[in-house]
Amino acid sequence: MTDPLFILAVGVLIVVGGIIGLKLHPFLALLLGAFAVALLTPASAIEQFALSKGTAPAAALALAKKGIGERIATEFGNTCGKIGILIAMAAIIGKSMLESGAAERIIRSMLRLTGIGKAPIAFLVSSFFLGIPVFFDTVIFLMMPLAKAMTLRIGKNYLLLVLCIMAGAAMANSLVPPAPGPLFLVGEMKIPIGMMMIGGTIVGLFTITAGYFFALWANRKWPIPLRDSLDARLEDLKLVAAKEDQHLPSLGVSLLPVLIPLVFICADTALNALATPGVPLTQSPVLSKLLSLIKFFGDKNIAIITGGIAALLILARQKRGNKEGLTPFVQAALMSGGGIILITAAGGAFGGMLQQTGISAKIADMTKDYQMALIPLAFLIAAVVRTAQGSATVALITASGILSGMAGNANLAFHPLYLGLAIGCGSKLVPWMNDAGFWIICKLSNLTEQEALKTISPLLVVMGLTGLVIILIAAQLFPLV
């Protein structure tokens, strides 16, 4: 059978059964799943998928004629190209911040400001607002070392802190421009960007509040300890935690590995928002050079490399007199990051093969005549597409493409904003092993696959459904038409 739903079922069985049932390494299970999906997908479906993405007919035909191994390797490489440098440098930043005491300094300062009881809320709100201008995975990379240092400081609530980081970053990424998904959505559905920013922030704050209460419950039901890992050995972390304040780097210096990439990425995002195609932002040669410099360092790879250099300089300063130098620390970080890159890229290959089956078009065809309220329909389409093929961005694009015509309907009883928000919330359901982001959070936090499936996946389901309820109520009370 070549039905996309059948192929999806086979892929799910191989990946989930392989990892949980046969105890295969995720890298192998994902590659086997990708191979099975690619083997079952006919050339005609691949060509149709490529044409639907705007690919030239000749290029679409060439893709359909490629061998299975080449198609898997291409998707593997595409994912690696997107996250390889980010993960490697993030591993170096995390290891360096933990070893140098920079993470410990930030945590001590945060605890003085918020107190132990409110620390998880500080993580939740920080990750939400960081997730607006910064890519989801970058937020996870930057904040996970802080969660590990905070857990060692307070001695508990590791899962709570991990889920708070996940909750804030995930919801901002799908609801508030200039995050890429919402930015595409507002253009497709003709929603004013300012309105989407305000609406997305309001809905996002409601959803992360629900996520926080779920995280509290999950943390009590399944307390997960901080575990040894290559990038965060507990013995080393305890030595850092025992240091006196005067032996730690200052707060300003400690924040540099986080602030440098954050400031440059935010500045570049702001410039892109202000730019008009073909029209320079300034006529001044000096300002033009300054803007070019910001654009250069605002690239996410360059920004995080710069942050990594800052983290290594801080570590070198703290390790003065250590004969080993920095090589052992960098090597340990890269060994940890390398495994994450391989698993995440394999997840990207599996998701890419699922997309080539035409699963998104199949779902669109199944729902085109479905008679139900538009807001739940928008949510449902996005949720089914996300669960089927793993990418929240693809879910946003698919659902907005299906519903963009309805959004411009003069007889619509509410503003299209609510359809856009419903799509954003639906795109959160349900993260599992075909999602590269699932593997990033799973491996950086040292949660097992089973632990991630029973904590992270339900967390996003709870937040997505909460968002749907809030949107339905708001559309009824404040239709904005």
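**Burial and contacts**

Analyst: At a relative accessibility of 1%, Val176 counts as buried, because the label applies to anything under 20% relative accessible area. The model is a predicted one, and in it Val176 belongs to the loop between H9 and helix H10 (180-188).

User: What makes Phe128 and Ile132 contacts of Val176?

Analyst: Contact means heavy atoms within 4.5 Å, and Val176 touches Phe128, Ile132, Pro182, Met197, Gly200 and Thr201 when residues up to four places away in sequence are not counted. As for Ile132, its C-alpha is 6.0 Å from that of Val176, although the two residues are 44 apart in sequence.

User: Which residues touch the most other members of the largest nonpolar core?

Analyst: That core holds 132 residues, of which Phe123, Ile140, Met150, Ile375 and Ile423 touch the most other members. Helix H9 (residues 158-175) supplies the largest share of this core, 15 residues.

User: Which residues is Met150 in contact with, leaving aside its neighbours within four places in sequence?

Analyst: With those neighbours left aside, Met150 is in contact with Ile107, Met110, Leu111, Ala119, Phe123 and Leu161.

How values were computed: Residues are numbered from 1 along each chain as its sequence is written. This is a predicted model: local features need pLDDT of at least 70, side-chain atom pairs count only at pLDDT 80 or more; totals for chains, interfaces and linings use all residues. Side-chain values use heavy atoms; hydrogens and water are left out. A nonpolar core is a set of buried Ala, Val, Leu, Ile, Met, Phe, Trp, Tyr and Cys residues joined through side-chain atoms within 4.5 Å. Buried means under 20% relative accessible area, exposed over 50%, partly exposed in between (1.4 Å probe, protein chains only). Helices (H or I, at least four residues) and strands (E, at least two) are DSSP runs, numbered from the N terminus.
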